[in-house]
Amino acid sequence: MDKLKVAFIGLGLIGGSIAMTIRKKFPDAEIIALNRSAATLDSALKDGVINAGTHEIDDNFKECDYIFLSAPVDTNISFLEKLKPYLTEHTILTDAGSVKGKIHHAVKECLPEAKFIGGHPMAGSEKSGYANANDHLIENAYYILTPSSSVKEPDIYKYMDFVEKLDAIPLVLSAEEHDYVTAAVSHMPHIVAYSLVQTVMETDSPEEYMKMIAAGGFKDITRIASSDATMWEQICLENPDNIRILIAEFMQRMEQFDDFIRNADGDKLHKSFDEIKNYRNSIHDGRKGALQKIYDLHCDIKDEAGAIATIATILSTQGISIKNIGIVHNRAYEQGALHIEFYDEHAKAQASATLTRHGYTVFPN
Ligand code: NAD
């Protein structure tokens, strides 16, 4: 196989992470990147992630196997016309955007002859930018591919094979299926989380008792309401029809529960909760999906000065980084007085083994 050549437009969290993974898996690949910030390009050159950086579409984009559009969706669209002269018979043009309809429409208008296969790695972080990118972000994550209708099967298989070599899990959907499915499991849940927090914010007492005891379980189920407001504004405006269909579906279920409660219908409540619980427990947990996973555990500690510092020291001597640590004051849903969050599965497993060895009782979630 000839040396792989890949170009990126936008080298932030997602573009940077994909580039780092390609560098790890294909050390000889030629990787080039266009980015607005020169500092990012300098870092990526220094890290050995890219071979060349540029601020405009130029001859660096010749003869690429893959071109990744990994800037915000409207920025990606603004570059399509300029890419035209650089697309060859063997160039697969792809993107990383969270909504697919708009980019597919733009490519059809402007580059109908392009081999465009949309892409959406189901991985992310609340942080953005190249500085937060890493070479394992997409590992074990679903990577949705949305081929445009003109793309032939061998090219789809070629891209699927590439995704597998990057240790992600390819899943081919149409752009329409992608936007409906992600509206259900990512976009609408964000709106529900924002609404739950808003309900507490606007109905709390002057003493803010709700906010006080919202620690723990409530904070966990509304974690995604801390997501970036600009990104979610854009997603809602790019996928409005699907999101509105699913909001309506959700509201029907809220009305149904309201009916059951108003009629004091314990049987129906119980039957619904039981069915939903079983379905929820059947959801595969070993892979990264549409919402970012949390890697955390709870641990029992004695109520004495220095107890948290001791645990932090034990973990840091093993080289385990802590993302978040705190006492759980509201223990209605959790076992263990201390809640610790890690950056990945490996750190969580290591911490659990280390703390158990030191005599702590650990409750992995
Ligand atoms: P980011 O902000 O980390 O990176 C965007 C990059 O694009 C930055 O390096 C920025 O400098 C560059 N850029 C922006 N405007 C530019 C311009 N006009 N010219 C050149 N470069 C420009 O964002 P991200 O989180 O990596 O998101 C990138 C894409 O991936 C988006 O389309 C987003 O929808 C999608 N996505 C994000 C996530 C997530 O959780 N963050 C997950 C999956 C997909």
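In which helix does Leu-13 lie?

Author: Happy to. One thing to keep in mind from the start is that this is a predicted model. Leu-13 lies in helix 1, which spans residues 13-25.

Let us begin with the surroundings of that residue. Leu-13 has a relative accessible area of 10%, and because buried means under 20%, Leu-13 counts as buried. Leaving out residues up to four places away in sequence, Leu-13 touches Gly-124, Ser-125, Lys-127, Ser-128, Gly-129, Tyr-130, Asn-132, Ala-133 and Leu-137. Take Gly-124 from that list: 111 residues separate Gly-124 from Leu-13 along the chain, yet their C-alpha atoms are 7.7 Å apart. For the protein in general, 70% of the contacts between residues at least 6 apart in sequence join residues at least 24 apart.

Leu-13 also brings us to the ligand. There are 24 residues around the ligand, and those that come nearest are Leu-13, Ile-14, Asn-35, Ser-98 and Gly-129. For Ile-14, a backbone N or O atom lies 2.8 Å from a ligand oxygen atom, and for Gly-12 the corresponding distance is 3.4 Å. On its own the ligand has 830 Å² of accessible area, and the protein covers 81% of that.

Which elements build the shell around the ligand? Helix 1, helix 3 (73-83) and strand 6 (115-121) each supply at least two of its residues. Sorted by class, the shell has 11 nonpolar, 12 polar and 1 charged residues.

The largest nonpolar core has 36 residues, and Phe-8, Ile-22, Phe-68, Tyr-143, Tyr-159 and Phe-162 have the most contacts inside it. Several elements give two or more residues to this core, including strand 1 (5-9), strand 2 (30-34), helix 2 (38-46), strand 7 (142-147) and helix 5 (153-165). Helix 1 gives the most, with 5 residues. As background, nonpolar side chains tend to be buried together in soluble globular proteins.

Setting aside neighbours within four places in sequence, Tyr-159 is in contact with Tyr-66, Phe-68, Ile-92, Thr-94, Ile-117, Tyr-143 and Leu-145. There is also a second, separate core of 21 residues, with Leu-34, Phe-61, Tyr-86 and Cys-110 among them.

His-190 has 5% relative accessibility and so counts as buried. Apart from residues up to four places away in sequence, His-190 touches Ile-224, Ser-227, Trp-232 and Leu-291.

Finally, let us step back to the whole. The protein has 13 helices and 12 strands, and its C-alpha atoms fill a box of roughly 65 × 55 × 40 Å along the principal axes. Of its 365 residues, 42% count as buried. The protein exposes about 20200 Å², and carbon and sulfur atoms supply 54% of that area.

Methods
Residues are numbered from 1 along each chain as its sequence is written. This is a predicted model: local features need pLDDT of at least 70, side-chain atom pairs count only at pLDDT 80 or more; totals for chains, interfaces and linings use all residues. Side-chain values use heavy atoms; hydrogens and water are left out. A residue is near a molecule or strand if one of its heavy atoms lies within 4 Å of it. A polar contact is a pair of N or O atoms within 3.5 Å; within protein, one must be able to donate a hydrogen and the other to accept it, and residues adjacent in sequence count only if both atoms are side-chain atoms. Accessible areas come from the Shrake-Rupley method with a 1.4 Å probe; for residues, only the protein chains shown count as cover. Helices (H or I, at least four residues) and strands (E, at least two) are DSSP runs, numbered from the N terminus. Ala, Val, Leu, Ile, Met, Phe, Trp, Tyr, Cys and Pro count as nonpolar, Asp, Glu, Lys and Arg as charged, and the others, Gly among them, as polar. A nonpolar core is a set of buried Ala, Val, Leu, Ile, Met, Phe, Trp, Tyr and Cys residues joined through side-chain atoms within 4.5 Å. Buried means under 20% relative accessible area, exposed over 50%, partly exposed in between (1.4 Å probe, protein chains only). Contact means heavy atoms within 4.5 Å.
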